[in-house]
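Subject: Structure for you to look at

Dear colleague,

I am passing on the structure we spoke about, together with some notes on what came out of going through it. Please have it open while you read.

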Amino acid sequence: MTKDVTYREAMGRAIRDAMKADDRVFIMGEDVARYGGTYAVTKGLADEFGEDRVRDTPLSESGFTGAGIGAAIGGMRPIVEIMTVNFSLLALDQILNTAATFRHMSGGQVGVPLVIRIATGAGRQLAAQHSHSLENWFAHIPGLRVLAPATVQDAYAMLAPALEDPDPVIIFEHVMLYGRTEPLDVSAPADLHFAAVRRTGTDISLITYGGSLPKTLEAAEALAGEGIDAEVLDLRVLRPLDNVAILETVSKTRRAVVVDEGWLTGSLAAEVSARIMEGAFWELDAPVGRVCSAEIPIPYPKHLEEAALPQVDRIVAAAKAAMGR
Amino acid sequence: MTTKATDDIRPHLTHEHCLHLMKQMIRIRRFEEKCAELYTQEKIRGFLHLYIGEEAVATGVMEALGDEDAVVATYREHGHALVRGVPAQGIMAEMFGKVDGVSRGRGGSMHLFDAERRFYGGNAIVGGGLPLAVGLALADKMQGRDRVTVCFFGEGAVAEGEFHESLNLAALWKLPVLFVCENNGYAMGTALDRSESETDIHAKAASYKLPAEVVDGMNVVDVEAAARRAVHAIRAGEGPYFLECRTYRFRAHSMFDPQLYRTKDEVAAWEEKGPVIRFRDWMMAAGMAHDADLARIEEEVASEIAAAVTFAEASDWESVDTMLEDVGAMA
């Protein structure tokens, strides 16, 4: 059943299968149809489903995101693609003030079953305005579900349940994951609730999500070479966070480093760290470490960009510090 | 809007219909006068934006709609909700913040919702409702449903990006949206000519290639006639339509507004050509109404509002225990 495919192909296949399964599903965004998607996720879909259901939009992030909200309320199951997370800021009002708010503010009457896919993250030398990792901003908002598929399997399997969710779901796709190839089993369902242990270990918990997962797994292998057995927890769902899984792994290993491409201050890593403090303080043998992005606008030159982002060596160093080595 | 809209392209100014229009406007006027009074008694808190002076716009437009059509409004939406058929008692209880309010008391004055009547707020972000209306219409078009979405907004929204994005999208995709700009001359305290290089709003709208008209928003019959024309064209598949209704807000922007930006004379001059006075005078002169008709309307409205206040007073507060409900359906 499993087949090796890229993350990009898996996401494209997920959209295609969802559109085949349900006439109400359609996708809209900038250059999703004729261009085939900025990251080629939607390539070929317009030919298969027509430009009514694979809908190119003008450069109007607030307008078409709001239109997605209205269409969702009107009975459709829209997928809105926002090219990159920096552009999502132009739609943040609609996401926060309308999509996330309507169900509660209307006393439960009006839900917004909308999926918004957003490319995120740095690593392609795109400089300060195209390299953000703002997942944490969205994870701050009650009324949203925020997903960060970090594997090919999740890239495929999380979309269908996201479309079934009666409330808005944001899916963050890290740009450095699109080209990764991993096995995919299209018949394996995914949940939208639980973090996943991607590597079991006993000495320290490395907690991460999205584009930082491959780096963290690599760091865990490097640590193994030095006799440190790291467990890697992939958060998968950034809101609501799987508190149980976080506390479980930390209670087992008694040490934790959180790896998060967001800026350090006010990061998701800070939230995870606070939860560990609240829920597992007496289990800890060392302070919780954080590996985040440097607090600068991400620079263009390769060496500076690399230095600004969480990297394997920094994860290894943070883990060793937590081990007292 | 308790009557099913006919698809007539013109209003029929029968005795009965004129009295109906008058009653709708009086319902808004008296309901809001009561709200202002209840605000001073601290029964209603937060922001309270009164529609007094602008009643002809919501009243006239709503006549062109049927039950299946949708309404998107702003934070100055009590009148729209009332004439859409949302029960006055549910609206009043919402203003009180009580659990029997239309939005369970959680929204208050600015966030009236009634999904059954396809009344989608109650939006306090200026311009925020326009993309929503575009989306509702997109869903209708994609599903082949013969429905119209009406979107009300003030002229202040015209300066927001959403205005331009939404008009462009609706025109580009030929969506069944009726955009109704309630141009009352002031975005809170900023006069139109202090915020817009082009003060003819319909001219801006027309640049997006949709039919755009200017309407005397103080004349309920003119508004109804324009709305019927517009809805007729939209239902014929001609795409979106734009009405700029020129009107005036008699009361302050909200209860906190000292109105330093306009003169009392200016307000008084507009009040003289107010929608209720003007329509009443016309009806009397045309023999369409008599003092007894108007007295009966006032009586019926007073009793409806008194019942709404009694209902709101008697309603409970939502328990703090249920506060977390409905953040998400799966939570």
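This is a predicted model: local features need pLDDT of at least 70, side-chain atom pairs count only at pLDDT 80 or more; totals for chains, interfaces and linings use all residues.

Strand β4 itself, residues 77-82 of chain A, is mostly covered, with 6 of its 6 residues buried. In a regular strand, side chains alternate between the two faces of the sheet. In β4(A), R77(A), I79(A) and E81(A) point one way while P78(A), V80(A) and I82(A) point the other way, and all of them are buried.

Turning to the packing, nonpolar side chains in soluble globular proteins tend to be buried together. The largest nonpolar core in this model has 197 residues, and those with the most contacts inside it are L206(A), V257(A), A319(A) and V180(B). Helix α5 (residues 129-142) of chain B supplies the largest share of this core, 9 residues, and the core also draws at least three residues from each of domain 1 (3-184) and domain 2 (196-322) of chain A. If neighbours within four places in sequence are left aside, the contacts of L206(A) include A219(A), A230(A), V232(A), V257(A), I315(A) and A319(A), and also T216(A) and E231(A).

Between the chains, 35 residues of chain A are in contact with 33 residues of chain B. On the side of chain A that touches chain B, the elements giving two or more residues are α3 (61-73), α5 (92-99) and α6 (102-105) of chain A, and α3(A) gives the most, with 10 residues. By class, this side of chain A has 12 nonpolar, 18 polar and 5 charged residues.

As for chain B as a whole, its secondary structure comes to 11 helices and 9 strands, and its C-alpha atoms fill a box of roughly 60 × 50 × 40 Å along the principal axes. A compact globule of 331 residues would have a radius of gyration near 20 Å, so the 19 Å of chain B agrees with that expectation. Of the 331 residues of chain B, 52% count as buried, and among its contacts with a separation of 6 or more, 76% are between residues 24 or more positions apart.

With best wishes

Notes. Residues are numbered from 1 along each chain as its sequence is written. Chains are lettered from A and ligands numbered from 1 in the order in which they are written. Two residues are in contact if their C-beta atoms, placed from the backbone, lie within 7 Å. Helices (H or I, at least four residues) and strands (E, at least two) are DSSP runs, numbered from the N terminus. Ala, Val, Leu, Ile, Met, Phe, Trp, Tyr, Cys and Pro count as nonpolar, Asp, Glu, Lys and Arg as charged, and the others, Gly among them, as polar. A nonpolar core is a set of buried Ala, Val, Leu, Ile, Met, Phe, Trp, Tyr and Cys residues joined through C-beta atoms within 7 Å. A residue is buried if 20 or more other C-beta atoms lie within 10 Å of its own, exposed if 12 or fewer, and partly exposed in between; C-beta atoms are placed from the backbone. Domain bounds come from an automatic or database domain assignment. The radius of gyration is taken over C-alpha atoms; the globule rule is 2.2 Å times the number of residues to the power 0.38.
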